[in-house]
Amino acid sequence: MIIYRILSALLSYPEAELIGALPEIETALDETPEIRTQLQPLIDHLRSHDLIALQEAYVADFDRSRHNSLYLFEHIHGESRDRGDALLDLLREYQRHGFEPDDRPGSACEMPDYLPLFLEFLSMLEADRAAQLLGDAVNVVALVGDRLVQKGNPYACIFGVLQTLSPVVPQPMEDAPARDMETLLDRMGPGDDGTEPLLKPDNGMVQTVKFYR
């Protein structure tokens with residue numbers, strides 16, 4: 001399942017270590033020539049641009065643009081309380097397989113639904129289980145991938161590869177609406193029960209994680 005690890009590395013914030021590992025990545029992709037052909041434009045892009053420029057573009061594309069967010073549940077649940085339940089459920093799935101995201105001080109700790117982290121997790125699983133989980137997430141993957149294709153973004157090829165690996169054909173979905181909670185609180189205030197506006201009260205029930213609406 002090395003392909004998931006490669007995709008995770010290529011989709012992560014570009015660092016000098018990644019650029020230095022590009023020849024190794026290309027060699028590993030020799031076993032899957034069709035996927036290498038799909039990913040080659042991104043590899044060439046990473047190799048041919050200044051690292052600072054790559055990092056600035058990455059932040060602009062993924063960190064400052066909610067439409068391209070790499071946090072899967074943000075596209076499904078937005079800022080609603082349901083996202084917290086889904087994150088906890090996904091974290092438990094990680095832990096059941098002995099995968100524990102690094103939360104040590106100073107580490108680059110990410111939320112469980114961060115796509116590069118999710119792909120790293122898939123690389124540890126049996127092929128059938130990895131494909132099943134990828135199929136659960138493919139609607140979001142396709143949503144973001146289509147937006148990147150429209151903008152001519154070099155990272156779009158990663159999302160294309162993921163769709164070819166998925167056993168499920170992606171279905172159109174609508175992005176969760178953005179919710180500026182500070183603005184809502186200023187305008188509406190909390191509800192009579194003290195909950196934030198537009199958020200469902202916690203009923204104490206554990207929900208099964210779902211990557212689709």
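Angles under 35 degrees between axes count as roughly parallel, over 145 as roughly antiparallel, 65 to 115 as roughly perpendicular and the rest as oblique. The structure shown is a predicted model, in which local features need pLDDT of at least 70 and side-chain atom pairs count only at pLDDT 80 or more, while totals for chains, interfaces and linings use all residues. Residues are numbered from 1 along each chain as its sequence is written, and side-chain values use heavy atoms, with hydrogens and water left out.

**View A. Helices H7 and H8.** Helix H7 (residues 81-96) packs against helix H8 (residues 115-122) at an angle of about 30°, with the axes 11 Å apart. Axes are lines fitted to C-alpha atoms, for helices over the stretch in contact, and angles run from 0 to 180 degrees between N-to-C directions. Helices (H or I, at least four residues) are DSSP runs, numbered from the N terminus. H7 and H8 are therefore roughly parallel to each other. Leu90, Glu93 and Tyr94 of H7 make the contact (heavy atoms within 4.5 Å) with Leu117, Phe118 and Phe121 of H8.

**View B. Aromatic pairs.** Rings of Phe, Tyr and Trp (its six-membered ring) pair if their centres lie within 6.5 Å; planes under 30 degrees apart count as stacked, over 60 as edge-to-face and the rest as tilted. The count by this rule is eight aromatic pairs. For Tyr71 and Tyr114, the ring centres are 5.1 Å apart and the planes are at 35°, so the pair is tilted. Tyr71 lies in the loop between helix H5 (51-63) and helix H6 (72-77), and Tyr114 in the loop between H7 and H8, so the pair ties together parts that are 43 residues apart in sequence. The ring centres of Tyr94 and Phe99 are 5.2 Å apart with planes at 90°, so this pair is edge-to-face. Ring pairs also link Tyr13, Tyr58, Phe62 and Tyr155 into a cluster.

**View C. Helix H1.** Buried means under 20% relative accessible area, exposed over 50%, and partly exposed in between (1.4 Å probe, protein chains only). Seven of the 10 residues of helix H1 (residues 2-11) are buried, so H1 is largely enclosed by the rest of the structure. Among the buried residues are Ile3, Tyr4, Ser8 and Leu11.

**View D. Helices H9 and H10.** The axes of helix H9 (residues 127-150) and helix H10 (residues 156-165) cross at roughly 150° and come within 9 Å. That makes H9 roughly antiparallel to H10. Residues of H9 including Leu134, Val138 and Leu148 meet residues of H10 including Ala156, Phe159 and Leu162.

Notes
Helices (H or I, at least four residues) and strands (E, at least two) are DSSP runs, numbered from the N terminus.
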